[in-house]
Every structure is written in structure tokens, then in C-alpha cells.
Amino acid sequence: MIRRMLRRCATRPGTILAPEEQAAVDAFRAALAALRSPEPWVPGRALDIAVRIGPFVERAQTRPGDDHGPDIIAVALERPGGPYTPYGARHRKPGWLRCETAKIVGVWDPAYAPLTHAAAGLDLPDDVGMKPAHYALYIEARNRDNSRDGYTLLRLGPYTQTRHAQQDYDRLTTVLHGRETTLVPGYRVSARYGPLDVSDHQLFVRPYQADVLALLADAVDG
């Protein structure tokens with residue numbers, strides 16, 4: 001719609017737009033200006049980024065882990081207005097994805113919103129051009145005073161299917177229920193679900209064809 005209005009203005013000089021049309025055209029022009037001079041993103045900055053998906057630009061949150069040097073990072077795509085604004089009819093959330101850093105435009109700027117699928121009334125496509133990130137489960141023992149002091153008992157991964165990670169997470173949390181503060185004296189034990197930290201792959205135990213409850217018991221005994 002915005003492109004049609006821009007063409008109309010270009011072919012019919014002096015065209016007067018309705019206020020809402022003019023606001024849409026101004027927003028689109030601001031988006032194009034932001035694309036010409038994006039704020040650079042560098043690894044380690046905890047800021048949302050703008051990534052290219054086909055002819056569109058989308059907002060994404062960076063995630064730690066599942067990276068292979070400077071070329072791949074893990075991201076979760078977000079709606080342009082934040083995590084609680086609608087994307088489309090399906091409200092599809094593709095989960096964590098492995099994003100090539102070459103697809104990063106820069107730090108997310110609200111001016112990019114007119115360039116998103118949502119602005120075009122579209123949901124995200126089934127194929128966004130990014131492979132799913134690898135998942136992991138972290139079983140952690142933390143001090144019972146709610147501080148972050150503690151250690152990781154067990155790292156399980158990689159999971160290539162979220163449902164497999166979810167199944168093991170459910171089994172572990174069921175076993176831990178009521179035993180969180182007694183399993184390891186002085187600590188509260190819990191399971192956490194997150195991306196795989198590839199750089200520490202040697203610390204992970206492969207979960208497939210293994211009994212995760214037996215692995216937990218061995219970790220506690222050890």
C-alpha cells in the first residue's frame with residue numbers, strides 16, 4: 001500500500017494525501033533512510049537487531065550460544081512492536097534460529113517497522129532462510145538464598161528437536177519436584193532450557209539413547 005502511494009505521488013505531482021496516508025509515507029521514507037545508515041551491531045551487545053528475511057526486515061533478539069565463530073549467531077525473531085504485538089493470523093513463533101551475521105542490517109530501529117511482514121499484513125513464511133538452533137538442558141545447583149552462586153551439575157545436548165528437549169525437561173522437573181532443596185545439600189537444583197553453547201560442546205552429554213534420569217543421578221553422586 002505504501003509503495004502504491006509513493007508511486008502515485010511520483011506520477012501525480014501535487015497529489016494531496018489523507019493524514020493517515022501521509023503518516024504511512026513518512027514512516028516508509030524514514031525506514032529507507034534508516035537502512036541507508038544503520039547503527040552497526042557488534043557481538044556482545046545486548047540489543048535487538050534487524051535481520052533480512054527475503055525482501056523484508058525483521059526484529060530479532062540475540063541469544064547466547066550455538067555460535068560458530070563470527071559467522072553464525074542464535075536469534076529469536078520478534079514482532080516489530082515487541083514480543084506482545086500480533087504478527088499475523090497464526091502468530092507463529094519459529095523458536096531459536098541460527099542466523100548468518102551477513103543477514104544482520106544493524107541494531108533494530110523502530111523506523112524499520114514498515115519494512116516487516118507484519119506491516120504488509122503477513123505472517124512469517126514457513127521458510128525464513130535460517131536453520132533451527134541446537135538446544136540444550138542445563139541442570140544447575142544454586143545457593144538457596146536466591147543468589148546466582150552455584151554450579152552446573154549436568155549439561156545435556158545437543159537437541160535438534162525442541163520436542164525432545166521439552167520431553168526430557170518435563171521428566172527432569174517432575175523428578176526434581178519436592179526435592180529441589182534436598183538433592184544437593186545447601187543448594188536448590190533446577191533445570192533450565194536454552195540454546196547450546198557450541199564453544200563448550202565438550203562439556204555436554206549427548207541425551208539421545210540415554211536415560212536422562214540416570215545421568216542426573218550420576219551427576220549428583222559425582
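This is a predicted model: local features need pLDDT of at least 70, side-chain atom pairs count only at pLDDT 80 or more; totals for chains, interfaces and linings use all residues.
Y135 counts as buried because its relative accessibility is 4% (buried means under 20% relative accessible area, exposed over 50% and partly exposed in between, with a 1.4 Å probe and protein chains only). Residues are numbered from 1 along each chain as its sequence is written, and side-chain values use heavy atoms, with hydrogens and water left out.

**Around Y135**
- Y135 sits in strand β7, residues 135-143 (strands are DSSP runs of E with at least two residues, helices are runs of H or I with at least four, and both are numbered from the N terminus).
- Beyond its neighbours within four places in sequence, Y135 has contacts that include W96, L156, Y159, T162 and Y193 (contact means heavy atoms within 4.5 Å).
- Y193 is 58 residues away from Y135 in sequence, yet their C-alpha atoms are 7.6 Å apart in space.

**The sheet**
- Three strands make an open sheet in the order β8-β7-β9, with antiparallel pairing (two strands pair if DSSP finds at least two bridges between them).
- The edges belong to β8 (150-159) and β9 (187-195); each has a single partner strand, so one side of each has no neighbour in the sheet.
- On average, neighbouring strands here are turned by 15° against each other, direction ignored (axes are lines fitted to C-alpha atoms, for helices over the stretch in contact, and angles run from 0 to 180 degrees between N-to-C directions).
- Nine bridges join β7 and β9 in the antiparallel sense.
- Y138 has R192 in β9 as its bridge partner.

**Helices on the sheet**
- Helix α3 (residues 162-176) packs on the sheet and touches β7, β8 and β9, with its direction at about 170° to that of β9.
- Helix α4 (residues 212-221) also packs on the sheet, touching β7 and β8, and its direction makes about 155° with that of β8.

**Aromatic rings**
- The whole structure holds six aromatic pairs (rings of Phe, Tyr and Trp, the last by its six-membered ring, pair if their centres lie within 6.5 Å; planes under 30 degrees apart are stacked, over 60 edge-to-face, and the rest tilted).
- One of them is the edge-to-face pair of W108 and Y112, with 5.7 Å between centres and 65° between planes.
- W108 and Y112 are both buried.
- Y135, Y169 and Y193 form one aromatic cluster.
- R192 lies over the face of Y138, 4.5 Å from the ring centre (a charge sits over a ring if NZ of Lys or CZ of Arg is within 6 Å of the ring centre and within 35 degrees of the ring normal).
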